[in-house]
Amino acid sequence: MMTEKELVIDDMITDAMATPSPAKSMGDPGITPLSPTHVLNDSEENEPTRHPYVVVVAIDFGTTSSGYAYAFTKEPECIHTMRRWEGGDPGVSNQKTPTTILLSPDRKFHSFGYAARDFYHDLDPTESKQWLYLEKFKMKLHTTANLSIDTDLHAANGKKVKALDIFAYALAFFKEQALKELSDQAGADFDNADVRWVITVPAIWKMPAKQFMREASYKAGLVSRDNPDQLIIALEPEAASIYCRKLRLHQMVDLGNKTSLNGYSPTENVGAGMTQGDRYVVVDCGGGTVDLTVHQIRMPEGHLKELYKASGGPYGSIGIDYEFEKLLCKIFGQDFIDQFKVKRPAAWVDLMIAFESRKRAAAPDRSNPLNINLPFSFIDYYKKFRGHSVEHALKKSNAEFVKWSSQGMLRMSPDAMNALFKPTIDHIIQHLTELFERPEVTNIKFLFLVGGFAESPLLQQAVQNMLQGRSRIIIPHDVGLTILKGAVLFGLDPSIIKVRRSPLTYGVGVLNRFIEGKHPPEKMLVKEGTRWCTDVFDTFISTDQSVALGETVKRSYTPAKPSQQVIVIHVYCSEKESVSFITDPGVRKCGTLKLDVSGTESPAARREIQTLMQFGDTEIRAMAVDVATSRSVKASIDFLSQ
Ligand SMILES: Nc1ncnc2c1ncn2[C@@H]1O[C@H](COP(=O)(O)OP(=O)(O)OP(=O)(O)O)[C@@H](O)[C@H]1O
Ligand SMILES: [Mg+2]
């Protein structure tokens with residue numbers, strides 16, 4: 001056990017340890033953990049929920065579709081889903097609205113959802129090239145490795161736009177819609193200050209993406225930076241889990257047990273079939289991602305404990321759309337498709353809408369072909385581009401299962417459609433198989449399939465085959481709204497989830513006394529006659545470590561100089577459970593802990609800033625206090641400005 005003294009060294013900066021020379025630049029933060037301990041904050045755990053808000057509004061910002069739902073805190077049992085909006089697609093039922101956004105040529109917000117799509121569609125092709133139309137853009141936050149506040153998106157016409165602006169426009173739109181609906185209900189203007197906002201994000205999202213959503217909410221005026229608690233970031237499968245545990249039997253389909261609901265009355269909830277300690281998996285199958293959580297229920301309150309860190313991947317239903325696009329490229333040529341998308345963007349949107357309804361008709365027992373309407377402008381543009389007909393291309397391509405129908409349609413055999421689903425479904429099944437092999441994931445009573453993609457009979461069958469009766473597969477009615485409703489419940493009581501698992505190992509670099517034999521010689525640094533080991537990874541929390549809500553990690557840091565205004569400490573992360581040095585393979589710098597110590601100057605020779613960090617919530621939080629004066633110090637962790 002190291003004593004506090006042994007860890008103390010002034011004038012050191014975390015980065016100085018990566019390049020082992022004592023840093024001397026301005027604003028050097030002295031970083032020195034004094035007392036590494038985990039503290040369980042009991043008072044917080046048992047605090048009853050208070051409601052400073054009148055209403056909780058949850059926004060499900062989906063890759064393909066979005067929506068909101070709300071409940072008044074006085075009437076928590078009654079969840080209202082958003083008013084139906086005009087618009088809709090033939091053959092496609094949607095409880096949410098498409099996540100599509102349109103900006104005018106001067107880059108001002110024009111419209112969202114069906115309205116955006118319909119307006120864009122009706123524009124003249126030469127005019128539409130000037131407008132900025134965006135869809136499926138949420139995935140960018142998951143796939144961009146170095147996500148920053150300046151990350152760009154590309155509109156359909158190829159023009160760049162700031163992702164932050166787009167997300168902020170969309171959130172501002174939802175704010176306006178929701179407040180309008182609430183005002184109409186109340187018969188008077190509804191005050192945004194009375195709203196607790198909840199935004200759902202995939203559980204597998206990294207911290208930068210979550211912070212990005214928060215920044216976009218500030219920009220949208222949903223909440224202000226001075227009142228961050230007015231916004232809660234909820235995790236999609238967690239929200240679904242909160243809702244699912246309350247499901248009643250008439251609100252769901254039991255895949256293994258379709259005909260009889262023996263032993264349960266229709267008004268009983270799943271919880272009635274669940275007893276203390278029961279374990280279940282929730283799989284949120286969305287457009288962009290498939291996200292899984294493993295929960296254990298604690299009766300009688302129904303509190304939840306996470307048994308294994310959230311997992312999943314980019315295996316959402318749009319993978320099938322991309323396979324379809326690949327198939328089109330094979331038949332008509334990549335050069336043509338690329339050109340067509342830029343030159344006739346609205347027709348491309350049309351084609352994908354036509355595909356969507358056929359995609360939803362795919363089923364394991366289907367034997368008749370699926371026809372996809374090719375827009376006239378596709379047929380026409382192809383002829384101009386290649387000098388021969390679409391029909392000719394199909395004949396020549398030998399794409400066995402895709403034929404040309406005389407009514408101007410692509411005729412796909414069920415096998416061809418199933419082939420488009422295969423890579424995506426295979427990913428999901430492989431992931432589920434691996435998850436169910438883990439020791440933490442045994443004795444799973446229920447598997448809930450939620451999210452729009454859960455409606456796919458092909459996916460349902462694949463999951464059933466994989467599970468082989470190991471657990472009951474439950475599909476709630478209104479799969480698309482499960483997350484929204486759960487997110488409202490979460491906003492009403494964020495303490496439902498008592499224990500989570502850390503998705504990553506987090507820590508900082510520190511200096512330790514050099515120990516011969518234990519520390520590698522190349523890490524040795526001699527300062528004023530004392531030998532130190534640099535780059536030592538001080539672990540805050542490890543991958544998959546369980547952490548209770550309200551539990552804190554405590555460290556003390558001290559400014560290098562009495563006049564120092566701010567302490568900046570680099571935070572590192574790794575997928576590995578155990579990390580020794582910040583230079584280990586797989587360890588990367590992921591954020592900065594910032595302690596604003598301005599105005600806390602004291603005559604004390606050494607100032608100690610005690611920092612508390614919470615890892616048990618959906619976001620990582622930091623709080624700090626100047627020990628000598630007991631004054632609170634502004635603390636924040638930034639994952640976006642690397
Ligand atoms: N029967 C079906 N077969 C295949 N895919 C389907 C079916 N029904 C809906 N989908 C797909 O589900 C997706 C919509 O689901 P959902 O609304 O849950 O996703 P999202 O919330 O927009 O995405 P994410 O949660 O990944 O951000 C769409 O991609 C849609 O094509
Ligand atoms: Mg979703």
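Biologist: Is strand β14 mostly covered or mostly open, and how do I read that?

Modeller: Start with the terms. Strands are DSSP runs of E, at least two residues long, numbered from the N terminus. Buried means under 20% relative accessible area, with a 1.4 Å probe and protein chains only. In this predicted model, β14 spans residues 279-285, and six of its seven residues are buried.

Biologist: Which strands pair with β14?

Modeller: Two strands pair if DSSP finds at least two bridges between them. β14 pairs with β15 (residues 290-298) in the antiparallel sense, over seven bridges. A hairpin of four residues links β14 to β15. β14 also runs parallel to β20 (residues 444-450), with six bridges.

Biologist: Which residues stand opposite each other?

Modeller: Y280 faces H295 in β15. V282 faces F448 in β20.

Biologist: What polar contacts does ligand 1 make?

Modeller: A polar contact is a pair of N or O atoms within 3.5 Å. A polar backbone atom of G452 lies 2.7 Å from a ligand 1 oxygen. For a polar side-chain atom of K359, the distance to a ligand 1 oxygen is 2.8 Å. A polar backbone atom of G287 is 2.9 Å from an oxygen of ligand 1.

Biologist: How much of ligand 1 does the protein bury?

Modeller: Accessible areas come from the Shrake-Rupley method with a 1.4 Å probe. Alone, ligand 1 exposes 650 Å², and the protein buries 96% of that.

Biologist: How should I read the numbering and the confidence limits?

Modeller: Residues count from 1 along each chain as written, chains are lettered from A, and ligands are numbered from 1 in written order. Local features need pLDDT of at least 70, side-chain atom pairs 80 or more, while totals for chains, interfaces and linings use all residues; side-chain values use heavy atoms, without hydrogens and water.

Note on methods: Polar contact = N/O pair within 3.5 Å; in protein donor to acceptor, adjacent residues only side chain to side chain. Buried < 20%, exposed > 50% of the residue type's maximum accessible area, 1.4 Å probe, protein only.
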